[in-house]
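Here are a few exercises to work through with the model open beside you. Try each one before you read its solution.

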Amino acid sequence: MKTKNRPLYLKLLVPMLVLILVEISLLAGSVFGGGLIRYMENNEIEVLHERVLNRQRYLQNEMLTRWSKVDSTVIKINQITEDLLQSGRISIDTLDDSSKDCFALLDVVSDPLLNMLRSNKVTGAFIAVNTDNLEELSEKGIYKNKPGIYVRDYDPKSSYSDRNTDLLLEYAPTEIVKNMNVSLDSGWKPQFAFEDMQQYGAYLYEPYQAALGMDERTELEASDMGYWSEPYQLFANDQEVISYSVPLILEDGTVYGVLGVELSLSYLEDMLPSEELKDKDAGSYLLGIEKDSDTEITNVLISGADYSMVNGDKKVTEIYTEKNRQLIQNDMDEDIYCDVEYLTLYNTNTPFEQQRWVLTGIVRGKNLFRFSSTVEKTLIRGTLATLIAGIVGGILISLYISRPVTALTKSVRKMKPFSRIEFSRTGIREIDLMASELEHLNRETLYAAERFSYIVNAANLHLAVFEINSEEDSVFITGSFFDMLGLEQQSVTSLTEKEFRDILDSLDKYKQHSAGREDEILYKIPVKNTTVEVSKADTESGEQDTNTYIKVDDFSKTGSDISQESLKVTEDDNTETWKYIRITLKYNDVRCIGMVEDITDTAIEKENIEYERDHDLLTGLLNRRAFNRIMTEMFDHEKTVLKTAALVMIDLDELKHVNDTYGHDYGDKYIRTAAECFGKYTPESTMICRRSGDEFNIFFYGYQNKDEIRECIRNLKEGIRKVSIHLPDHTELPIRMSAGIAWYPDDSRIYQELKTYSDFAMYQIKHTSKNQFGEFDKDAYLKDKYK
């Protein structure tokens, strides 16, 4: 008997519509009448405030604790000046008259200046010498050039060169240039060129005059008169920079110059990533100076494009307040929100406390409130969608269908997921239609599963999958699982969870470091190599077992030669290769799903990349970066293994002659031969690296005393004496080298100092006798350093 179908919506439509309208009205009233959007806007402004405040704290910390940390250098330079004055090598009366009168001071302070540049991580450092009243000279229109040193590092974030090849001199006398071994910039001048600019730079004028005008009873340190300058350029077309400078004051109160550091605006811009304010770079940072009014900011630096879109190239930013929110005045009549945070750079009761630096985060209103605007639109659309969905859903909700739905649910529970399902009909049109669609979906799913399985098998992918069901104590495994892990095939129909985990535990001996990921396991599993003889028929047909790891013994044959022969597969028990297997786990309630992948090619490629990263291509030795990394780790964390050690710096003596006379191929041969000697005539545990062209480092460590190391060095020297290279003119050129030795711990316990000492010892040999090994002489080093 055919069951009569009647649409459910005819019985439920009217009461459900009334109920839905009431619910939508209550929802809209609570959302839009309760101030939710305003709350979200305030939250966006608070987020902007927190981000700007965090960036302000970071920038202020850098400016106060790193960039402007010049106190120790000031003390050192003042002491040097006092000593030179007492010895009569300089005179305060003529100190700033010329570079010649100031040479003795500048020559000694150049090293502290470079050290300050390096340690403070700034783009420049300078010392300017002056004993004149600059205010009086400026009023008379007199502008004198002043002696001093101004040096720059355009990339302070990168590793610096021991030979100062990364530095450029902007101002310095010719004699100082020779001694400092620093290259000249394109705009170099021997003195600070105030006469050309017709003004004294604020970095000299402001702190110097502040110190000159201080009453003797005022108890202020030199750092209290430190001055952060507005942007300036040393020459035309030069980069814009700001600086921090402090006066140099002798014990008797005489002011004789300033010492300072420089920060380029491009370097500062990297410290102000505008993308952190709002996604998609919808924001800007403004670093500026508030002078006369708290509503006007003189722009110093702008990071990000948002500000320029609406304010162009304005030099001054005007800020106003509306409804307790800070906004920026602009010509486009657009709401541009900002958050102003002050940088506390000066102490109270100091000369420049009125100069207030500010960091301002700027975001256009449409970008700042993008989320709340989206939420508002989404709520409107959601309300309408809810109304429509409620009407449709109301048709499907009824007590009349509770019984057939329950029956349908029970029948569904009895169905198996991988078998064809059929539902009994309920007599309700919508439910029966849903059942029919589910049956159709079931058939499509079964077909898709069969098709996917066929594709995986046809592609012969190195994949396997397993599932552990703890609730049912069952395990599902694909067929290639055991082959991939090198295990004997087992029956999987009755495998329990414990048995399967025991199988995985048996592979623990092959487990590798998994980089701290609990959901990923990496195995390195041995595979016996086989010698494969391939028949012509096999190669032409293109069939190959992708799970077999192949080794062809005769590497001299080409691919076409092999394809024409009949080769036989045999096991080689004497050699062994490895395959890398990765198991990725995903937990879901009582189930654990694992995917097994063969990643041998990827792992080998990674190992090769790491080797090439850490080794010199010409010699196969460690390169400088890898050597420094290993040495730093040993000196920081494994000092117990060092015992008595020696760092040897080696420089090949004849390399330039070989390159110039016989060409770079023989120069490379000279380098490789020397590298082979180092490996051949030193103990196995010795660390050897090629630092650069003809420079090498050898590190002997783990010895009980120096005599053991000296014996190793003696063996090395004797071995080197036996070695030479054949030259094109049928002559033999012996390997010659100069080397310096620094001892751990006698000379130093610090790796960087050992490098400096061994380098000094090597260059002493290089510039005297050559072809010798010399030990570090601390007295000679201190004497040379003072000079």
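This is a predicted model: local features need pLDDT of at least 70, side-chain atom pairs count only at pLDDT 80 or more; totals for chains, interfaces and linings use all residues.

**Exercise 1.** Which residues does Ser243 touch, not counting residues up to four places away in sequence?

*Solution.* Start with the contacts, meaning heavy atoms within 4.5 Å. On that count Ser243 touches Phe126, Tyr203, Tyr227, Trp228, Ser229, Tyr232, Val261 and Glu262. Next, pick out Tyr227: it sits 16 residues from Ser243 along the chain, and their C-alpha atoms are separated by 7.9 Å. Then place Ser243 itself, which lies in strand E6 (residues 241-249). Helices (H or I, at least four residues) and strands (E, at least two) are DSSP runs, numbered from the N terminus.

Residues are numbered from 1 along each chain as its sequence is written, and side-chain values use heavy atoms, with hydrogens and water left out.

**Exercise 2.** In what order do the 6 strands of the open sheet run, and which are the edge strands?

*Solution.* Two strands pair if DSSP finds at least two bridges between them. Reading across, the order is E20-E22-E23-E21-E26-E27, with mixed pairing. The edges are strand E20 (622-623) and strand E27 (773-775), each pairing on one side only. Now zoom in on E20: 2 bridges join it to strand E22 (residues 687-692), and the two run parallel. Here Leu622 stands opposite Cys689 in E22.

**Exercise 3.** Which residues of H22 are buried?

*Solution.* First, size up the helix: H22 (residues 664-680) has 17 residues and reaches 24 Å from its first C-alpha to its last. That's close to the 24 Å expected at 1.5 Å a residue (1.5 Å times one less than the number of residues). Then list the buried ones: Gly667, Tyr670, Ile671, Thr673, Ala674, Ala675, Cys677 and Phe678. Take Cys677: it counts as buried because its relative accessible area is 3%.

Terms used:
Buried means under 20% relative accessible area, exposed over 50%, partly exposed in between (1.4 Å probe, protein chains only).
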